[in-house]
Structure formats: structure tokens, C-alpha cells
Amino acid sequence: METQAVDARSAASCSDGTSSALHDVASESQLGQNGRLLVQAGGGRYIALIAHRGDVHAIDATCYHMGGPLLNAEIEDCGPFGPCVVCPWHRYQISLRSGDSLYQNMSGTVCSKGLKQRVHEVVRRDGKILVRIAHSDKI
């Protein structure tokens with residue numbers, strides 16, 4: 001598994017809990033055939049880049065629950081929450097779009113538990129993957 005280090009020490013913080021800076025973390029070609037790459041940014045935080053159906057998502061690489069590895073997690077469709085990763089350790093479903101931790105209620109509706117995994121904004125520009133690091137309001 002390849003890890004790309006990114007120096008994000010100079011990033012200023014915004015009121016919404018994200019860094020104001022976009023960090024060049026990888027090129028699109030580095031995602032490879034499986035569409036996944038582990039990068040390090042934001043003061044040493046490990047982030048999983050996951051390409052799925054034409055979009056690239058950035059999510060903290062370890063599950064908020066007990067640290068399960070999300071880089072190689074299965075991806076499922078979670079209705080209105082979009083694609084989600086399924087933690088390989090305890091099968092927690094986490095939305096790649098919002099970071100919501102999900103469950104299915106008794107009537108089969110997908111709902112948020114209210115807990116959130118930290119997800120990061122991704123911008124694709126000129127073959128590069130840029131990430132704005134989220135710092136707060138999520139686990």
C-alpha cells in the first residue's frame with residue numbers, strides 16, 4: 001500500500017472546521033486500477049482516497065468506531081446517503097459523501113446514527129487530486 005506524505009502545517013483554519021488550503025495529495029494516475037490510495041496530510045492524518053463511479057472521495061483512513069481499515073472496505077449503495085464504505089471489522093456503514101454512520105431501521109429505511117466519520121473536500125484539477133482537510137465537527 002503506497003502512502004504519499006503531504007506537508008499541511010501552513011494551513012489556516014476556517015469557521016466550518018476545514019482548512020482554508022487545498023493540498024495536492026496525489027495525481028489521478030496514482031489511484032491505479034483499484035481506485036484507492038492512502039495519503040498522509042493535515043499534520044500526519046492518514047486519508048483514504050477512494051474513486052467510485054467517477055467521483056473521488058477522501059475519508060479518514062481508519063473507522064471512528066474501533067480503527068478498522070477503510071481503504072480496502074467494500075462499497076455499497078446506501079440510498080439517499082450515496083455510496084458508503086463498509087468497515088471490514090464490524091460492518092459499520094459510513095457515507096463517503098457526508099461521513100454519516102448509517103443503519104437500517106425496522107422498516108428498511110437507511111438512517112444516520114448521528115455520528116460522523118471525518119470526510120474531506122476533494123477537488124480534481126489538471127490531473128491532480130487536491131484535498132481540503134476537515135478538522136472539526138466530526139469524529
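Predicted model: local features only at pLDDT ≥ 70, side-chain atom pairs only at ≥ 80, totals over all residues.

Student: How many salt bridges does the structure hold?

Tutor: Side chains of opposite charge can pair when their charged atoms come close. A pair counts as a salt bridge when the nitrogen of Lys or Arg is within 4 Å of a carboxyl oxygen of Asp or Glu. The number of salt bridges in the structure is 8.

Student: How many residues apart in sequence are E74 and R91?

Tutor: The side chains of E74 and R91 meet in a salt bridge, at 3.9 Å from N to O. E74 belongs to strand β6, whereas R91 sits in the loop between β7 and β8, so the pair ties together parts of the chain whose separation in sequence is 17 residues.

Student: Which residue in strand β6, 15 residues from R91, links with R91?

Tutor: R91 lies in the loop between β7 and β8, and the pair links distant parts of the chain. The salt bridge has an N to O distance of 3.4 Å. The partner of R91 in this salt bridge is E76.

Student: Is D100 buried or exposed?

Tutor: D100, in strand β9, pairs with K116, in strand β10. Their closest N and O atoms are 3.9 Å apart. Buried means under 20% relative accessible area. D100 has a value of 8%, so D100 is buried.

Student: Which side chain does R132 join in a polar contact of 2.7 Å?

Tutor: R132 is found in strand β12. Its relative accessible area is 18%, so R132 is buried. The polar contact joins the side chain of R132 to that of E121.

How values were computed: Residues numbered from 1 in each chain as written. Heavy atoms only, no water. Helix = DSSP H or I, 4+ residues; strand = E, 2+ residues; numbered from the N terminus. Buried < 20%, exposed > 50% of the residue type's maximum accessible area, 1.4 Å probe, protein only. Polar contact = N/O pair within 3.5 Å; in protein donor to acceptor, adjacent residues only side chain to side chain.
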